[in-house]
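Visitor: I am new to this structure and would like to learn how to read it. Could you show me around?

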Amino acid sequence: MHEVILIKYGELTLKGLNRRSFEERLVKNLKRRLAPLGSFHYTYAQSTLTVAPVGGVSLGGAGTIDNGNVPEAKPVRAAQGDERLPADVVRRVGMVFGIAAYCRALCLPKSMDALLDGAGAFLAHDLLAARTFKCEAKRADKTFPLDSPQISAQLGERLLKQFPHLRVDVHNPEVTVTAEVRDRYIFVHGKQIPGAGGLPAGSSGRVLLLISGGIDSPVAGWMMARRGVNVVGVHFASPPYTGPRAEKKVHTLMGKVAEYTGGSYLHTVQLTRVQEAIKQNCPEELGTVLTRRMMMRVAERIAFAERAEALVTGENLGQVASQTLPALASTDSVCTLPVFRPLIGMDKQEIVAIARRIDTFDTSVLPYEDCCTVFTPKHPRTRPNAEIIAKVEEALDIEALVNACVANEVGTVIV
Ligand code: ATP
Ligand code: MG
């Protein structure tokens, strides 16, 4: 008797002929995320992917996706006398994109006695906290001597004896106990846990995220990652106006996003000379939009080198002066790659809720200076005029400034 994880695919099932490659990518991503925690079998059958610890159960047979020679793999150690999977395994499965829902299940030998003896103890935590339940059986193996209603009835009866406070409610139960009779084992499980959703990382190409130390950009990166893209980051720092703690914060944030994609890369660019040139040569109220145009130019050059196919920002309509429609149009007009702004129509509370969910919020609110705040004009122009901007930019040697930024950028691998 061992605990396994049963995974239901999300949109993957809609992908028709591509499905196999999406599935392989999902398994590859799961392997990468779980490898440091142990060695697992991945088995696909009956539209469910089963993740089982090596040494726990060998599900074998058709549909097994070989675990391969994962270098860091080591046997899974559950707590002594316990066949449960470590909590971290379950947590990491919950972070992998492409999974609609998953559940912890007990893998039992194919006998009614094993099911009746094992189910109650395995689900005791949920059942003790509930008032109502129902049992559901799914019999994929039609040679099993009992049919589904008989399995449910016997299991329900046993659970009622073990947990006399419970009542059966077939319409609206607090806990549904599901017994799945498969080819070689019976799986029993309680509630399904919602997965991270989306598409497996790496299935939709690569984007470059402009990541500040704020709340928004990491959320924007996560949202794009959920659509299956690999996210590489670029951060603009302004030393000595900004310090190493601000950069460390951005590394941490990029690391949080990479936890969902599995490894990334962060380019750090010094923008100080650009910002000083703008401050010295251009009207103060245009400083913000001019800086953002320079950021986009530099970011696009890095994106080309990275073979990223789009830029991503955490901009959100109307939030600040640089995020009006004319200001956004003005920044877009300096680059040819598409610029995605997944937060554009969201409310701040919605963004904060995601930031909390993906655990970036507490880092984002640390009070270290960002390169924009240092040079922010007192009264930024919210409706920049294209002709005026073009005229003003004549005072800057744009090509030289961009080249200098690109030449001095520093790359860091994020794991
Ligand atoms: P955030 O919370 O992501 O900082 P914000 O609402 O504070 O966003 P701005 O500071 O105007 O808005 O920045 C808008 C977007 O521009 C950011 O979401 C980010 O994508 C990009 N950006 C801003 N500052 C930087 C920076 N120092 N390095 C990289 N990108 C940046
Ligand atoms: Mg900001």
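This is a predicted model: local features need pLDDT of at least 70, side-chain atom pairs count only at pLDDT 80 or more; totals for chains, interfaces and linings use all residues.

Visitor: Now the strands. Which strands does β1 pair with?

Guide: The general idea is that strands of a sheet pair through backbone hydrogen bonds, either parallel or antiparallel. Here, strand β1 covers residues 2-9. Strand β5 (residues 99-108) runs antiparallel to β1, and eight bridges join the two.

Visitor: Is β1 mostly covered or mostly open?

Guide: Mostly covered: six of the eight residues of β1 are buried.

Visitor: What is the order of strands in the open sheet of six?

Guide: The order is β15-β14-β11-β12-β13-β16, and the pairing is mixed. At the edges stand β15 (339-340) and β16 (410-414); each has a single partner strand, so one side of each is left without a neighbour in the sheet. For a parallel pair, look at strand β11 (residues 206-210) and strand β12 (residues 230-237), which are joined by five bridges. L209 has its bridge partner in β12, namely G233.

Visitor: Let us turn to the surface. Which residues form a nonpolar patch there?

Guide: They are L160, V168 and V170, and together they have about 220 Å² of accessible area. To locate V170, go to the loop between β7 (167-168) and β8 (175-181).

Visitor: Next, charges. How many salt bridges are there?

Guide: Side chains of opposite charge can pair when their charged atoms come close. With a cut-off of 4 Å between nitrogen and carboxyl oxygen, the count comes to 17 salt bridges. One of them joins the side chains of E180 and R182, at 2.5 Å from N to O.

Visitor: Are E180 and R182 buried or exposed?

Guide: Buried means under 20% relative accessible area. E180 has a relative accessible area of 5%, so E180 is buried. R182 has 8%, so R182 is buried as well.

Visitor: Which parts of the chain does the salt bridge between R341 and E315 link?

Guide: The side chains of R341 and E315 meet at 2.6 Å, N to O. This pair links distant parts of the chain, 26 residues apart: R341 sits in the loop between β15 and α11 (348-357), and E315 in the loop between β14 (311-312) and α10 (325-332). R341 is buried, with a relative accessible area of 13%, and E315 counts as buried at 3%. Salt bridges that share partners join R292, E315, D332 and R341 into one network.

Visitor: And are E394 and K391 buried or exposed?

Guide: E394 and K391 are both exposed. These residues form a salt bridge too, with the closest N and O atoms 3.2 Å apart.

Conventions:
Residues are numbered from 1 along each chain as its sequence is written. Chains are lettered from A and ligands numbered from 1 in the order in which they are written. Side-chain values use heavy atoms; hydrogens and water are left out. Buried means under 20% relative accessible area, exposed over 50%, partly exposed in between (1.4 Å probe, protein chains only). Helices (H or I, at least four residues) and strands (E, at least two) are DSSP runs, numbered from the N terminus. Two strands pair if DSSP finds at least two bridges between them. Patches are made of residues with over 30% relative accessible area and no salt bridge: like charges are joined within 9 Å, nonpolar side chains (Val, Leu, Ile, Met, Phe, Trp, Tyr) within 5 Å. Accessible areas come from the Shrake-Rupley method with a 1.4 Å probe; for residues, only the protein chains shown count as cover.
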